[in-house]
Amino acid sequence: MEPYSRHGKLVRDRIPQIIQEDGAEPITYTAGREEYRGRLRDKLSEEVAEFLEADEDSAPEELADVLEVVRALAAVLGVDADQLEKIREAKAGERGGFADRIVWTGNR
């Protein structure tokens, strides 16, 4: 597999080990910086789609997968979890969150 091939997919760090423990030999490589960023974006789309299709029982696990990818993307941008939370809090302070369930339908 060529380093910038669009084949394969980004997997969690322990997946190759788990595959080996199951008796298979995984074929892997380490993505370069730019490929990694692109694959994280692809992974975010994949995980969001899985969350949207999940039932209520599996939704929390799928949402945790989304959060894992979001944290990895933040790290790529040089933002740690604490900084990301501060950014979220500032934005919520300025514009609010979503707890009030407000739906905007336009202006008069």
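Me: Which helix is Asp65 found in?
Reply: Helices here are DSSP runs (H or I, at least four residues), and they are numbered from the N terminus. This is a predicted model in which local features need pLDDT of at least 70 and side-chain atom pairs count only at pLDDT 80 or more, while totals for chains, interfaces and linings use all residues. Residues are numbered from 1 along each chain as its sequence is written, and side-chain values use heavy atoms, with hydrogens and water left out. The run covering residues 59-76 holds Asp65, and that run is helix 3.

Me: Is Asp65 buried or exposed, and why?
Reply: Buried means under 20% relative accessible area, exposed means over 50%, and partly exposed is in between (1.4 Å probe, protein chains only). Asp65 has a relative accessible area of 16%, so Asp65 is buried.

Me: Leaving aside neighbours within four places in sequence, which residues is Asp65 in contact with?
Reply: A contact means heavy atoms within 4.5 Å. Once its neighbours within four places in sequence are set aside, the partners of Asp65 are Arg12 and Glu47.

Me: Which side chain makes a polar contact with the side chain of Glu35?
Reply: Glu35 lies in helix 2, residues 33-53, and counts as buried because its relative accessibility is 6%. A polar contact is a pair of N or O atoms within 3.5 Å; within protein, one must be able to donate a hydrogen and the other to accept it, and residues adjacent in sequence count only if both atoms are side-chain atoms. At 2.5 Å, the partner of the Glu35 side chain is the side chain of Tyr29.

Me: What separates the C-alpha atoms of Glu53 and Glu25?
Reply: Glu53 also has its place in helix 2, and Glu53 is exposed because its relative accessible area is 70%. Along the chain, Glu53 and Glu25 are 28 residues apart. Their C-alpha atoms are separated by 31 Å.

Me: What is the radius of gyration of the protein chain?
Reply: This value is taken over C-alpha atoms, and the globule rule is 2.2 Å times the number of residues to the power 0.38. For a compact globule of 108 residues, it would be near 13 Å. The C-alpha trace spans about 60 × 35 × 30 Å along its principal axes. For the protein chain, the radius of gyration is 18 Å.

Notes: Helices (H or I, at least four residues) and strands (E, at least two) are DSSP runs, numbered from the N terminus.
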